[in-house]
Amino acid sequence: MPVKALRQPPGYDWSGFYLGAHFGYGDGSFGPGANSLPAQGVFLPSTPTGLIGGYQAGYNRQFSNHLVLGVEVDASFTSPTDTARLTSEPFHTSFDYFATARGRVGYAVGTWLPYATAGLAWGRTKLNLNDVNGDLISSTPRDHLGWTAGAGVEFAVGGNWTAKAEYAYLDLMRQTYDLGSAGLPNANVDPKIHTFKLGMNYRLGDAPAWSPSTPVMAKGALQESTDWNVHGQTTFIATGYPSFRSPYQGTNSLFGGAQARETFTTTAFLGWRLWEGGEFYFNPELAQGFGFNGTLGLAGFPNGEAQKAGGAYPRIRPQRYYFRQTLGLGGEQEDVPDAANQLAGKRDIDRITLTVGRFAIGDFFDGNSYAKDPRADFMNWAMWSSAAYDFPADLPGYTRGAIVEVNRKDWAVRAGLFQVPSAPNSDILNFKTGGAVVEFEERHQIFDQPGKLRVGAFFNRGNTGNYRGALAIEATDPVLDINDVMSSIRRASDKYGFYVNGEQQILNDVGIFARASWNDGQNEILSFTDIDRSVSAGVSVKGSHWGRANDTIGLGGAINGLSSAHRDFLAAGGNGLLIGDGRLNYGTERVLETYYAYAIDKNFTFTADYQLIANPAYNKDRGPVSIFSGRLHGEF
């Protein structure tokens, strides 16, 4: 038989524009006597940068001799301060950000691209001046210019995606901070930083020649696979309100004058299938911005993206990293679509799932199809959650723990054990105390329309104070500050409660929902917000009814309340996690929210949102306040 010539696979062409993101770790020094703040390294040592993350964009041009020339710009942001390793100093220095603009020279070897890189670097540091108690007096920024050099390797992993690993050294010029007015010698800050980054880039335009859309693959390249996936989201929310009635205000009050704030987050959702039923997910996230008053002033806070750990510059955190093992019990299977933190495939409907790691409790409990995601639907904290559930979480809203779930076709039971913060509003999680929740989920149909009912019970033990105990001590000596008293009597204390959460489709693309939640209200709130009783309900309608299938309109309301002990504590001048007007003429806090989400295209949605809040922070002497918001959300 005649021998046919073998067709040689085409080489990978690195030419083109790309966008991407990176995550990594940095170390180095600001110079002697700079007192650099320790940034969180999580499982690695705290350093002046700690974990780093950011964005990059660039362009490559490949020549026929395998030479690849390119340019790239990037910006990196550091992790938050590791408060557990913070030492008392008259001042501290830290990075706001650092960036580079570099040339790249590489040699293409199939789908591999080793390269060297060098260019311009710049960044901004700041010096925080502290008082004798360690409290911030002032903050002064300085800009630095310098150079960078490094090397890396990039690899085409499938479709338009490439992955890279890169080392870089940054040398930024010294800047001097004048501290003479504080009676201190001048501080010299001379950043010299080593960074190691892992990143992913997405090539703009047509896919490379070997992509799955063509019959021939380049040697060594990986086709896009159901064993891994990459998703991302970015959300920008601007909120504001006009001035409202405010005869007085306290430390944690919503300011009576007009105010506007913004928040911005970018999250990567990375998933890997380790073996049959075994999956690992990792979600680094950049977050920037503040809620009103630094996320203070309202129990039903109007922006679900407003973290208690906000900042003027983005900060990187590994918000989720968890392992999931699914044990199929046989029988009927269901399709699993590709999504963020979900790998495509099939799974048994009857199954047991174990999840261990770091996550948000709301990822697995208290779900609702119509009111759950402040990036896509209702934004008020009392609308997208069972607000009286003081779920264990650090300042951004995440914890570490383990969850087990038993799933059947018509019902599921899930339970979890979690770390709780070391004190109210603390960013430090520990297992000295802990939290637990058990949830039962029932699935049904009414007139062929699907619905779900979830019932949960929770128990937390944390380092909190008792409202009645603080009031009793303060009554013996009115000179005492009740907030100091509360701090002094904190010990391992219990909080328990329950929630009920229902959703029901009533027509095609029309659904209703309702929640009710309660906690005992005797001890301080530990993690979430100052709510002891809450009910909420609403309706969600998709735009298919007026020719815009991807649009959504929502309307809902919530009523929040406090236990008698909690309200007496606030009336005596106490401060909660989010609220504290210095006095209190108690009334239930009432929230009305409506929004319209307009789908710009398949990736981006703009939402206009309005909220009316009566008796803000349960105070009938203040408000009502009208809050207007605009939200731009993108996902891929």
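I began with Asp143, which is partly exposed at 39% relative accessibility. A reminder to myself: this is a predicted model.

I then looked up the partner of Asp143: a salt bridge runs to Arg124, with the closest N and O atoms 2.8 Å apart. Asp143 sits in strand β6 (residues 136-158) and Arg124 in strand β5 (residues 112-130), so this pair links distant parts of the chain, 19 residues apart. Arg124 is partly exposed too, with a relative accessible area of 23%.

Next I checked Glu334 and Arg351, a salt bridge whose closest N and O atoms are 3.1 Å apart. Glu334 lies in strand β15 (residues 333-336) and Arg351 in strand β17 (residues 351-359), so the pair ties together parts 17 residues apart in sequence. Glu334 is partly exposed at 25%, whereas Arg351 counts as buried at 7%.

I also noted one network of salt bridges with shared partners, joining Glu72, Asp74, Arg102, Arg104, Glu154, Lys164, Glu166 and Lys197. My search of the whole structure gave 40 salt bridges.

On to helix α3 (residues 564-571): which of its residues are buried? I found Ala565, His566, Phe569 and Leu570. They cover an arc of only 135° around the axis, so they lie on the same side of α3. These buried residues pack against α1 (467-476) and α2 (482-488). After α3 comes Gly573, with a positive phi near 100°.

Phe236, Tyr598, Ile600, Phe604, Phe606 and Leu632 make a nonpolar patch of about 530 Å². Leu632 belongs to strand β28 (residues 625-635) and is partly exposed, with a relative accessible area of 37%.

Notes: Residues are numbered from 1 along each chain as its sequence is written. This is a predicted model: local features need pLDDT of at least 70, side-chain atom pairs count only at pLDDT 80 or more; totals for chains, interfaces and linings use all residues. Side-chain values use heavy atoms; hydrogens and water are left out. Patches are made of residues with over 30% relative accessible area and no salt bridge: like charges are joined within 9 Å, nonpolar side chains (Val, Leu, Ile, Met, Phe, Trp, Tyr) within 5 Å. Accessible areas come from the Shrake-Rupley method with a 1.4 Å probe; for residues, only the protein chains shown count as cover. A salt bridge is a side-chain nitrogen of Lys or Arg within 4 Å of a carboxyl oxygen of Asp or Glu. Helices (H or I, at least four residues) and strands (E, at least two) are DSSP runs, numbered from the N terminus. Buried means under 20% relative accessible area, exposed over 50%, partly exposed in between (1.4 Å probe, protein chains only). The arc is that of the directions from the helix axis to the C-beta atoms. Contact means heavy atoms within 4.5 Å.
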